[in-house]
Structures are given as structure tokens and as C-alpha cells.
Amino acid sequence: MAAAWRISSLISRSLSVPPAFLSLGRNSSLRRGVHRFSTAALIEEPITPPVQINHTKLLINGQFVDSASGKTFPTLDPRTGDVIAHVAEGDAEDINRAVSAARKAFDEGPWPRMTAYERSRILLRFADLVEKHSDELAALEAWNCGKPYEQAAKSELPLFVRLFHYYAGWADKIHGLTVPADGPYDVQTLHEPIGVAGQIIPWNFPLVMFAWKVGPALACGNTIVLKTAEQTPLTALYVAKLFHEAGLPPGVLNIVSGFGPTAGAALASHMDVDKLAFTGSTETGKIVLELAAKSNLKPVTLELGGKSPFIICEDADIDKAVELAHFALFFNQGQCCCAGSRTFVHERIHDEFLEKSKARAMRRTVGDPFKKGIEQGPQIDTEQFEKVLRYIRSGIESKATLECGGGRLGSKGFYIKPTVFSNVQDDMLIAKDEIFGPVQSILKFNDLGDVIRRANATRYGLAAGVFTSNVDTANTLSRALKVGTVWVNCFDVFDAAIPFGGYKMSGIGREKGIYSLHNYLQVKAVVTPLKSPAWL
Amino acid sequence: MVSARRISSLLSRSLCLPPPSFLSLGRNSSLGRGVHRFSTAALIEEPITPPVQINHTKLLINGQFVDSASGKTFPTLDPRTGDVIAHVAEGDVEDINRAVSAARKAFDEGPWPRMTAYERSRILLRFADLVEKHSDELAALETWNNGKPYEQAAQTELPLIVRFFHYYAGWADKIHGLTVPADGPYHVKTLHEPIGVAGQIIPWNFPLVMFAWKVGPALACGNTIVLKTAEQTPLTALYISKLLYEAGLPPGVINIVSGFGPTAGAALASHMDVDKLAFTGSTNTGKIVLELAAKSNLKPVTLELGGKSPFIVCEDADVDKAVELAHAAVFYNQGQCCCAGSRTFVHERIYDEFLEKSKARAMRRTVGDPFKKGIEQGPQIDAEQFEKVLGYIRSGIESKATLECGGGRLGSKGFYIQPTVFSNVQDDMLIAKDEIFGPVQSILKFKDLGDVIRRANSTRYGLAAGVFTSNVDTANTLSRALRAGTVWVNCFDVFDAAIPFGGYKMSGIGRQKGIYSLHNYLQVKAVVTPLRSPAWL
């Protein structure tokens, strides 16, 4: 899964101030008036979200429809665990209907047959509509997902709009090649849409993940069946409706709410789905790929878990490093696949870094995500909440030092205190597993070769942070770390053009940027003999 | 799997003759007049002794020829006779472990990824020169172990291999990452890094060409390799890999394990320390390979699998040329090509003439000892394939397709099969649906373009297609509509190094050859750094 915040440019530029960590630092200092996590009473009376829930059915062939079985499932408010809506529950039969609609829209419909410019215009109109409805969408996202409303409204929605502008621009720039031949032949490659794309997205960034998946697939002329996470079905239905208002032909984008073992497995196994893209856990990613292998060998892109190192070298500016490492881990309640969840600190600055990191975590404002100035809301659900608490217990049992936090906050909903462990060793579970919660593990290192080896000694390889003022150190680490993204003196920079994806068991393929187009195109070589060619 | 003949440019240009492939094909076949036709059963009496010694039968691990860990060997056969030509070390799980460990060390600690791309390029160029120097022996060994005509190996495939390594040597120092426009004050670049240890599993139909398709891009991108050959054809890969070391490849960069799929192949596909897997073979095995990758460490997998490629002859086609090309498209390499044009769709208005001429052409096909001059077709690879093809021929007869010629074994020794043509083939017959992988042409009738597009696409495969027409609109319509990785218009089996090859649907994942093949062997890493007071964004 992916963190998608970009407090840096989108926010900082609109406020006309410089780089990411500065705005973070300023943000946190603005929050003096808000309760800190040690105040347990803060979650008493949830603020009423300023949005109505209008769409809870499945969206198939341009129509909102009940599920074939008529079943629904409850979707919850992570602040309280209360039901906020009952949503149609898609199963194998609904996936069949959605695939059949997408198949028809691809094989017979106007979408792949209109000009790329026309497709581009629809994506642009969609981006405009999302911009217009940003406040409602952000409120719905915060309500269903528990993330701070300000984060959703000021970072994620602008990013969503920006991603669709980006992909709208690609639609009419997908070029094949003409290819030099070894004889008298005209050789060209056509970059064709692949067909019906199945897409399965996670609950941590429901809208941003929608944009990462849907943007390139539509820009390349495909049709889509998208399954949302069962925790967060609401915003995808809302934006998909806007897509149809923007002129998307029926059947091009179908949304099925439902669960992994039923709807998800049906999509991954479907013989008429030409491509699958999945974002989620490594464990589920393996199942998805296996289902593709056992069915029709649809190509699969995977964006999976991580245990990303954040390396602070001895020459780093400590205050900036503390703020950035804090942000790298705690952002979005720690629910980021690329979370900087192993904070490696050089021994010469370790003690100062630790003291300041602890202080920063204790200053973190936790509370109702709709409250102004809140940095951290609740975890997504009971299961994640319990899992994170188990890892905290495991950290304590394995003799890491609990510096702060370490338990539940309040008595309702899924709030967890920002937690910092020091004296973390590489072989502890909290240093090996993806916790996916607000738990920072601080490790000590003393030389560069050593930290490279340790940072790479994981099955994951999604991202890494590097904090140094030395250009040689930056270059050495950038090449040596086996990860898909290296952020040097920054973190979670998620521009549309920057590719994102994993080495090793963090995934297959890249999303965003020019690389993302490969996932949704087939390459066809067309070869014709030349008679009396003027040149070869 | 793959047909790799390019009789067109490589041959025709070196002979200074004019272009199109079907002409040179036609010329070849007319040269074969002095040779026995398939109807003469006596031709396979006394096999010609191959002009080559077998010097390498052990596994090649970390730059050394070694016995297998178990000490076991397996026999490799001469398809002309079924006789043993050598006993080869049989690699198993433990040998794969040793080979991966050598490749891992060569990647993590060795000089290969740390030398300049230019140095890697020079090694590949020296290797190409060595292969050129040993072409005759390599071609003889390939023919001996595989049964393909020696002239095809020597005059087409070996030059093609040399050409591939020149091509990939040229890529080595041209692998560029990008600098990327950011949405704020950041410097963004992408590094295109070698992916690490590549596992590669190649088939028996074009052992050397498949070696080149796999090894070329992996080495050009700076990876190290463990390659498993097909159990039918282990010999040439061992020979040629020794030449790679003579050219200066550091130890452990390429490791060759001879062995079987369920043991050595499965161990490679499941290995937790292999970073990438490339497989060429059947769709059934490809599914297993991908499943093993999914269950182990999620290594990215490229697959190049089976096909049932349509060859569409439109009513405006030059019938004689179309006959010759359709014949070559299916019969080339004993029909053992993944992209074989194995469904010959002919427009009804020219169907009868086409059929008569195709039958005559098949009956003229020269079958015999592949070392004999002018031979077009040798034996099938082994007893299993031989029986499978004969089984499909029986199925064609039973399903009431019309057997126009051939239909049985040729001779009494080895795995020779008569060139076989079926007419009146219907879409739902097994011979029109399954990959036969033998010298069996199925001719189907069509009458309109929409109809033939629908029928051509109604298969789980999507590897290639042939289109024969003089009308540019027809060519363009078919080129876009056919769901296949390669469309050859008025030609077939053009396999230049720069042309990507691979499948839609269940014919595979990814592309080999050309610029696209590099993606398979590179990881993309984004590196992002803030900018202070940038002069531009």
C-alpha cells in the first residue's frame, strides 16, 4: 500500500513556503491548542461529518444496482466502530456481471474507438468535477477511513485531481515505435490497450489508490472492474458517478464493493479479465498472483508491503531529521506501505535524536479527524487495531525500550497512542514485520556498510529514506539500497511523474509516471516487406 | 516457443540476393529437387556422422564444469535414431542451489555489475566473435541434438545468434534512466538497475536462439544468470557458455544446469534467492512456473508460451506466394515453433486453388537426415512429441477433417513424420484448437473479414498472426484487430533482433527482443532530493 501525502509541494506551494519538513514542523507547532494523546477524554463526542451518503450500491454498466444476492455489509466509522451505512456486497456473480459489462464496453463500445483526445477530455472534465466536490469527498474519505480531514482535503484531494490531469495528458501521447530492421522490412510497434483491467485497491488511501489505478488504465483506453476494500467502499462509488457525469461511456468503469476471498478472488481468477493490478499485503498479493497463474495468466502488477529503512547519518541536521522520521512513520496513522518503519540512527547522534523523537511523538495531536489541527485519527478497524497492539506487546516482551505511548487512547474507536521504541534489534519482530500503525522503531548503527547490509536484510524493498548532507553518502546509499524509491533528505514525495513500486517481495511493476503505462498496454509488432526502400 | 528462421535478410543479404523471405524460401525448396521426398521411406537408413565432438556434458557452475551433486547423469538422444549420443550430468535441487549461490555472489560481490557498461559490452562482442568462429561446430551440435536441418542451423540460426549478441552488446552502454519533472522543488531521477540473479528456462526447439534471447538482455543489463536447458537439448548451451568465459565473463555470471523441469526447473522457479524468472515453453508449464514464483518470493516472471497462430490469406493475395509462405509458416523447424501459422484461413474464392497447391508443396517437402544437403525437414525431437503429433493426426481424421497428404510416420527409425495437410478443418476440431507442434497444416475456409477476425481471435492464445493481402486497408484493419503479439503482413517468421516478440492472452507475459526486452531485466528506482533555490523546475 502507499502513502500518498505530499504536504510538500501541493500544500507548501499554495502557501508559498519552502520544503516539506519545514511545513510539517510549522504545522505541528500550530497545534498547541489541541489536546495531546495523553489526554484521554478527547474523543468523547464525534463531530458530525459535513456530507451525506448517497451511493451504497454497486456501479455496473453505468448504473447503481443491488448485488445479485441482495446482500449488504455494514461499513464503519473508525472513530466509534459504529455503522455509517449498509453497502451492497458484491460476490462472484456481481464480478461476472461487471466483467461482462467491461468486456462489452471494450470489445464493442466507443471507449477504445474514440480518439485519444476525446478520452483525454473526459478525464479532464472528471478532474474538474472532483475539484468541485472536493470538500464532500474529503469528508467522506475522513469519515470512512479515519484520516484527518485536513489531510484529505488539503493534500489528498488536490493530489487526486493532479493525478487525473497528469493521466489526461498521457492519453494522447502513447506512441509506438518504428523499428530498424535487419532487412527490407517496415517494422512498427503498436501500443494497444490490454482490454479489461481488474483492479483491487486498499483502505489506507481509498481515493489516491483509485487515481493510481484508474488513471493509467483509462488513459491507455482500457475498461475496468475495480474492487474497493471492504473497509472503505464509499468514496470510489462517489467519484465513479462523477466519471459518468464527465461523459465516460457505460461499462468502462465498474465498481464492486466486497470482500477479498469472494469478490476479489473472483476478479483475480476471471478468465475474461486481461490484466490485474493489486495493492495490499504481501500475503494477499501472493494469493492474487497464484489465482492469475491458475486461471488465464493475466499479467499482474503488485504493490505490497514494506519495512522501509529511514537512515540518519551522523552529518544530518538532527531537528530536521527528527521531524522527517516522525512524519515518515506516523503519517496516516502509520498505515502506509512505505512507512519509514526502521529508523536507523548513527550512534554519534543517537541519544539526542531519540530524546527529540520521543518528545515529538508525545506532542503528536491525536483525536477526532474532523477536528482542526489533528495529526492522527483512529486506526481503520478492530483487526488492525488489535494487530498493532499485539506488535507493541511483542516489542515490550522482546526487551526493546518503550519510550512513550504503548497502548490504546480513549475507550471508544480505534485510537492508538503514538509509540516509540528504542534499543530495537534487527531480529525483533517489530523490526522485521510490517506493523502498519503508529509505532516507531529506532535502531543504532555505526558505519555505512553495516547499515546498508542491515537495511537490505529484509524480504521487502519498497522505499527508503536517507538523511545526510554529504553527496557521496547520498549517492552510495541511493545505489546500494534495494528499494523502489529512495528519498534523500525528504520522504513521501508522491508527484504524479515519480514511479513507485517495490523490489523483492514488495511488489512487481511500477505505478505512476511513464512506467505505469506499461502495465496497461500490450505491445504488438507489425512487420511488412518493403519493395525498393529509399532507406533502411 | 519460437520459430527463429529469418531466411530473408541474413541469408539473402549475405548472398547478395533480393529481399522477400518467401522468395528465398521458394528458392531453397527448388534446390531440394535432388533429395528424396517424404514418400520415399528408405531415406533414413544410415545416419551421417556429425562433424563435431561432444566435449562438455557436465554442469557449468561458477565458471567450472562440475559433476552434479548426486553424481547422476541422463542420456541425451539423437532424434534421427533415438540412440544415445552422450550422458549428461543431471542437475537437481542441490545443483540449482549451488548455481544460484554462485550467481548471487557474482552479483552481490563480483566485478560484473561493478565494471563499466562498456567493459560488459566488450565481453559480449568478443563472445559474438568466438561464436562466429565456432559456428560450424555449434551448428552441427545443434542439429545432432535437436534434429533440425544443418543448413538451417548453420546458415540462419548461428548468424542470428551472433547478430543478437552484437545487438545486446550495443544496448549495454545505452541503458538510460530518466530525469523526471517534479511538482515542486525536487530533483527526481530514475535509475535503471540490474535486477540481480535471473533464472532462465529455455526450450528444446531453438536451443541456441533461445539462449541468445534470454542471456543477451540479462547480461547487457548487468545481471547474473542461472540457466536451465531443456532435457532434450543440453549440449550447445554448455559449449557456447564456455565461449562466454573465454571471452572474459567473470566466474559465476552465467551458470548452466542441465536437467528436468519438475526437479531442476521447479527448484529454480521456487528459489528464494532468484530475483527474476524467464521461461519459454508450454502454456501448461508456464502456469506452474508462475505459480511457483507466486508461492515463493514473488519474483517477476516473463513467459513465452504456446500459440495457435492464424495465417490469413485474403482473396486479393498472390496465391503462389501465399502457398509458399503458409507452408513455411507451419512446417518450419518440423512444425516445432510456438508461433507456427497452424491455422491457415483461406478466403473461399481462392480456397480450392490454394489447397491444391499447398498439398503439392507439402508433398514436395524434402524430409530426411538433417545433415544431408537440401533437406527441409528432419525428425521430431523425441518419442513423446512424435506420439503426440501422430495422436493429433488421428484426431483430425476421426473428427472428419480431410487428410490431403501425409498422415503418418516416415521410415521405421527415429522420429520422422510425413508433412501432413488437412482441409475442411472446422474451428471446433482439436487440430484447430490445440497446439500440435508438428508438421501438420490445417486449412480453414472463410468468406468475410469480420468473420475471420472473430474466428482468428477466438482462442486462448495470442502469439502471432500472418496476414496475406495486397490491400493496405485490409492489412491495417487486421493488424489492429488481431489480438496477437506479432502480425506479419505478407511475410512470416521475421525475427530481427529489434522486433519485440511475445504473447497476448495465454501465450505469455512480457516481450523478448528489442528495447522492450530490457524491461525484463531492470528494476526502476526513483531517487528524490529537495532542491535549494532551483534555477528552473
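The model is predicted. Chain B holds 17 helices and 20 strands. Its radius of gyration is 23 Å, close to the 24 Å that the globule rule gives for 537 residues, so chain B is as compact as a globular protein of that length. UniProt's "active site" annotation, from an unreviewed entry, covers Glu303(A). For chain B, an unreviewed UniProt entry lists Glu304(B) under "active site".

- The C-alpha trace of chain B spans about 75 × 60 × 50 Å along its principal axes.
- Of the 537 residues in chain B, 66% are buried.
- Take the contacts in chain B with a separation of 6 or more: 75% of them join residues 24 or more positions apart.

**Chain B: surface and charge**

- Chain B has an accessible surface of about 17,900 Å².
- Carbon and sulfur atoms account for 52% of that surface.
- Chain B carries 57 positive and 53 negative charges.

**Annotated active-site residues**

- In chain A, Glu303(A) sits in strand S11, which covers residues 300-303.
- Glu303(A) has a relative accessible area of 1%, so it is buried.
- In chain B, Glu304(B) belongs to strand S11, which runs over residues 301-304.
- Glu304(B) has 2% relative accessibility and therefore counts as buried; the cut-off for buried is under 20%.
- Both "active site" labels come from UniProt, in each case from an unreviewed entry.

- Ala140(B) is part of helix H5 of chain B, residues 135-146.
- Ala140(B) counts as buried because its relative accessibility is 0%.
- Neighbours within four places in sequence aside, Ala140(B) contacts Pro51(B), Val52(B), Tyr150(B) and Phe371(B).
- Thr49(B) is 91 residues from Ala140(B) in sequence.
- In space, the C-alpha atoms of Thr49(B) and Ala140(B) are 9.9 Å apart.

Note on methods. Residues numbered from 1 in each chain as written. Chains lettered and ligands numbered in written order. Predicted model: local features only at pLDDT ≥ 70, side-chain atom pairs only at ≥ 80, totals over all residues. Heavy atoms only, no water. UniProt positions renumbered as here; feature names shortened; annotations may be inferred. Helix = DSSP H or I, 4+ residues; strand = E, 2+ residues; numbered from the N terminus. Buried < 20%, exposed > 50% of the residue type's maximum accessible area, 1.4 Å probe, protein only. Rg over C-alpha atoms; globule rule 2.2 N^0.38 Å. Contact = heavy atoms within 4.5 Å. Areas by Shrake-Rupley, 256 points an atom, 1.4 Å probe, with all protein chains shown as cover. Lys, Arg positive; Asp, Glu negative; His and termini not counted. Charge placed at Lys NZ, Arg CZ, Asp CG, Glu CD.
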